[in-house]
Each structure stands twice: as C-alpha cells, then as structure tokens.
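Here is a friendly briefing to read alongside the model. Please keep the viewer open as you go through the points.

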Amino acid sequence: MIGMEVLKPLAVLAGWTMLMWLWMYAKRIPAMNAAKIDSKTLVGGTGKDLDGKLPEQVQWIAHNYNHLHEAPTVFYAVVLALALIGQGDGLNATIAWAYVGLRIAHSLVQAISNRVLIRFLLFALSSLCLMALTLHLLIAVYHA
C-alpha cells in the first residue's frame, strides 16, 4: 500500500523495545535475588529506586528501556501520521530506518558500555532524524 513502508521501522522499534524489556528482567530479577531484595514486600516506588541497590550494568539496561518510551513515542505518532496520509515511503521511510538503527545502537551502547559521549552522539543523530520526519509531516499536513 502507498505510504506504508514507514510502518516497517516502526514495527522493528516496537519489537526492539520488547527485547529490551526481556533483557532488563533477565538481568534484574537475578540481581534483585542476589541483593536479597524481596519483591513481595516492596510497596510503591519505581525501578529508579533500585539505583545503588543493583549493579550499574543491570540498571543501565532498565534505564534504556525507559528511554525507549520517551522520544520514540513521538516517532510512533509521526510515522503513523505519515503512513495515514500516504507519505511513509521513499525518503521518509529511509529516515525512519535511520532513526531506528540509531536508537538500537544507542540501546546497545547504553546497555553494554554506557559511554555517555557515544550515547549522546547517537541520541543527537536520532533526534535530527525525528526532527526531519516531524518537519516532513508538518509540511505535508499544512501544504496539502
């Protein structure tokens, strides 16, 4: 269908987010057990409360999972709108793939080494992709 190519990178990023969720709990649950944190007695709080209680490397994965629910939510809305109006092919699909590739690279860097300068560069580049997609959406919607 015309304009739907952009849904492929959307699906990949959603799938990647679920893989990060699995990775997070595969690391977090054993770490909580090792730290003798009894999840049955925990009340309230957030995963951020585990900072300092679990190894940093475990929390890096959790922090990245949270990051995948921040700027990418704008990505999902923008690419869905582009697909809806038939503007999700060609350059927009290419930019969407670049965005997804950069976000996956960002996840891997944060989860494995957490090198802030590299993370920032990947985040900044992905943000430029998102800005371009948003600009294309604005042009398509207001120029029509």
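This is a predicted model: local features need pLDDT of at least 70, side-chain atom pairs count only at pLDDT 80 or more; totals for chains, interfaces and linings use all residues.

Residues are numbered from 1 along each chain as its sequence is written, and side-chain values use heavy atoms, with hydrogens and water left out.

**Overall fold**

- The protein has five helices and zero strands, where helices (H or I, at least four residues) and strands (E, at least two) are DSSP runs numbered from the N terminus.
- The C-alpha trace spans about 60 × 30 × 20 Å along its principal axes.
- Of the 144 residues, 39% count as buried, meaning under 20% relative accessible area, with exposed over 50% and partly exposed in between (1.4 Å probe, protein chains only).
- Among contacts (heavy atoms within 4.5 Å) with a separation of 6 or more, 79% come from residues 24 or more positions apart.

**Helices α1 and α2**

- Helix α1 (residues 7-34) packs against helix α2 (residues 56-67) at an angle of about 150 degrees, and their axes are 9 Å apart; axes are lines fitted to C-alpha atoms, for helices over the stretch in contact, and angles run from 0 to 180 degrees between N-to-C directions.
- That angle makes α1 roughly antiparallel to α2 (under 35 degrees is roughly parallel, over 145 roughly antiparallel, 65 to 115 roughly perpendicular, the rest oblique).
- The contact includes Trp 21, Trp 23 and Met 24 of α1, together with Ile 61 and Tyr 65 of α2.
- By class, this contact of α1 with α2 has nine nonpolar, three polar and two charged residues; Ala, Val, Leu, Ile, Met, Phe, Trp, Tyr, Cys and Pro count as nonpolar, Asp, Glu, Lys and Arg as charged, and the others, Gly among them, as polar.

**Met 18**

- Met 18 is found in α1 and is partly exposed, with a relative accessible area of 44%.
- Its C-alpha atom is separated by 16 Å from that of Ile 29, eleven residues apart along the chain.

- The 23 residues of α4 (residues 90-112) should span 33 Å at 1.5 Å a residue, and the end C-alpha atoms are 33 Å apart, which agrees; the expected span is 1.5 Å times one less than the number of residues.
- Just after α4, Asn 114 takes a positive phi of about 55 degrees.
- α4 and helix α5 (residues 116-143) pack at about 155 degrees with axes 9 Å apart, and are therefore roughly antiparallel to each other.
- The residues of the contact of α4 with α5 divide into 16 nonpolar, five polar and two charged.
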